[in-house]
Amino acid sequence: MSDMRERVKAVIFFLVVGSVAGYFVYKEITRVGEPGIINIGQQAPDFSIKDQEGRLVKLSDYRGKVVFLNVWGTWCQPCIAEMPEMETLYQAFRDRKFQMMAVSIDNDWEDVNKFYKEHNLTLPAFLDPGHQIANLYKVYKYPETFLIDANGHVVKHTWQEHWADPRTIRIVENLVRQAESKQQTSLE
């Protein structure tokens, strides 16, 4: 009798464990988008970060603008190559519905300031030494950039881009125009 009871317990145990495992497998299979990355069309995860003056800035503060979120490091060769073109893009759109956020994963401002001085950069810098934003956006190679539209949705996710290329500038221009036309519509 106790042998039968042990078998019943074992069957119930495996049914429960199997059901729980099945639930999680089903949930993962039916999830929209690729696992482990921020997908195009997805709402960009909000975050807070301090600028060099210590002011707290939230991504959502820039709703209504196109946000260029770039995660980089001063030691990263592709980042070094990309930064002058990012500066060109920043200068082209800085007075419009556009916000650039260059988020460095370096440990201190001294490295970032030295890098900015060496490369004549003026685009807005932020520091993420604990990699909270890099982890939130599942960045695993540098530099990674997320273009976020005025509604807060990711419209482009790329690694090392030629930001001064006319085709790329047109993409940003179109997004900025959409943001500006929304503002015009809401003012009328």
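This is a predicted model: local features need pLDDT of at least 70, side-chain atom pairs count only at pLDDT 80 or more; totals for chains, interfaces and linings use all residues.

Reply: Alanine 102 has alanine 125 as its bridge partner in S5. Residues are numbered from 1 along each chain as its sequence is written, and side-chain values use heavy atoms, leaving out hydrogens and water.

Me: How does the chain get from S4 to S5?

Reply: It crosses through helix H3 (residues 109-118), in a right-handed β-α-β crossover. Right-handed means that, with the strands pointing away from the viewer, the path from the first strand over the helix to the second runs clockwise.

Me: And how many bridges join S4 to S5?

Reply: Three, and the two strands run parallel. Valine 103 stands opposite phenylalanine 126 in S5.

Me: What about S3, how many bridges join that strand to S4?

Reply: Seven bridges join S3 (residues 66-72) to S4, again with the strands parallel. Asparagine 70 has alanine 102 as its bridge partner in S4. S3, helix H2 (residues 77-93) and S4 make a right-handed β-α-β unit.

Me: Is S4 buried or exposed?

Reply: Seven of the seven residues of S4 (residues 98-104) are buried, so the strand is largely enclosed by the rest of the structure. Buried means under 20% relative accessible area with a 1.4 Å probe, counting protein chains only. Phe98, Met100, Ala102 and Ser104 are buried on one side, and Gln99, Met101 and Val103 on the other.

Me: OK, zooming out. In what order do the strands sit in the sheet?

Reply: The order is S5-S4-S3-S6-S7, five strands in an open sheet with mixed pairing. Two strands pair if DSSP finds at least two bridges between them. S5 and S7 (154-159) are at the edges with a single partner strand each, so one side of each is left without a neighbour in the sheet.

Me: Which strands does H2 lie across?

Reply: H2 lies across S3, S4, S6 (144-148) and S7, at about 160 degrees to S4. Axes are lines fitted to C-alpha atoms, for helices over the stretch in contact (heavy atoms within 4.5 Å), and angles run from 0 to 180 degrees between N-to-C directions.

Me: Last one: how many helices and strands does the chain have?

Reply: Five helices and seven strands. Of its 188 residues, 38% count as buried.

Key. Buried means under 20% relative accessible area, exposed over 50%, partly exposed in between (1.4 Å probe, protein chains only). Helices (H or I, at least four residues) and strands (E, at least two) are DSSP runs, numbered from the N terminus.
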